[in-house]
Amino acid sequence: SDYCQTLRTGLDANAALLELAEKLLLVAKYEAGEPSPDPAVLDLRELTLGVVAQMEPLARERGVTLEAHLQESARVLGQRGELRRAVQNVLENAVKFSPPGGTVRLSLGSQDGQAELQVSDEGPGLNASTERQLYQRFRGRGPVADLGAAQLNQSGLGRSGMGGTGLGLYLTQQVMAAHNGEVRYSRTQSARTVFSLCLPLLDSA
């Protein structure tokens with residue numbers, strides 16, 4: 001009914017505002033140099049699977065399949081809420097920029113004492129200008145210059161509920177740096193966009 005639709009729209013808007021407020025508070029904390037509470041030992045695999053479960057309904061709504069290949073655990077030291085936010089930001093972007101019928105793949109591996117979570121999608125890559133501004137506030141990942149209006153409309157970019165704030169990747173970089181890690185962007189030969197979150201393993205024995 002119209003009433004139910006109006007209620008659903010209002011709830012979605014409230015959720016979006018709460019998420020934006022959470023991002024702004026975290027950005028303010030990092031920029032003010034405020035210390036985080038004592039870190040805890042976390043399993044990056046378990047944390048990521050929780051984010052995947054949270055994002056499944058949104059992915060289904062957009063016709064995007066999530067494939068999580070997370071066979072091995074990866075123990076890291078960090079703030080659960082902050083690392084969860086970083087993983088969610090990257091996965092949310094992947095779903096947002098994937099075309100209907102696309103597949104988002106997650107993989108977790110380790111090398112040289114580092115855990116590496118890769119999130120790849122079939123969305124458009126970045127032009128040189130966008131890539132240079134990728135981790136700036138209110139910039140982030142956006143449609144490439146050669147993405148036509150028809151493709152943009154088909155992909156659903158800019159719809160309410162999936163519009164970007166330009167804070168996600170900036171915040172992700174801040175979170176990773178605070179955890180002695182980094183976020184990397186790459187483009188594969190098979191035309192997949194890849195964002196990698198790299199963190200020091202708690203033990204690499």
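This is a predicted model: local features need pLDDT of at least 70, side-chain atom pairs count only at pLDDT 80 or more; totals for chains, interfaces and linings use all residues.
Residues are numbered from 1 along each chain as its sequence is written. Local features need pLDDT of at least 70, side-chain atom pairs count only at pLDDT 80 or more, and totals for chains, interfaces and linings use all residues, while side-chain values use heavy atoms, without hydrogens and water.

Start with two helices (DSSP runs of H or I, at least four residues, numbered from the N terminus). Helix α2 covers residues 44–61, and helix α3 covers residues 80–97. They pack at about 40 degrees, with axes 10 Å apart. Axes are lines fitted to C-alpha atoms, for helices over the stretch in contact, and angles run from 0 to 180 degrees between N-to-C directions. Contact means heavy atoms within 4.5 Å. On the α2 side, the contact includes Leu-47, Val-51 and Leu-58. On the α3 side, Leu-83, Val-87 and Leu-91 are among the residues met.

Now turn to the sheet. Strands are DSSP runs of E, at least two residues. Strands of a sheet pair through backbone hydrogen bonds, either parallel or antiparallel. Here five strands form an open sheet with mixed pairing, in the order β2-β4-β5-β7-β6. β2 (65–69) and β6 (182–187) are the edges; each has a single partner strand, so one side of each lacks a neighbour in the sheet.

β6 and β7 (residues 193–200) run antiparallel, joined by six bridges. Two strands count as paired if DSSP finds at least two bridges between them. Tyr-185 stands opposite Phe-195 in β7. Helix α6 (residues 168–178) packs on the sheet and touches β6 and β7. The direction of α6 makes about 25 degrees with that of β7.
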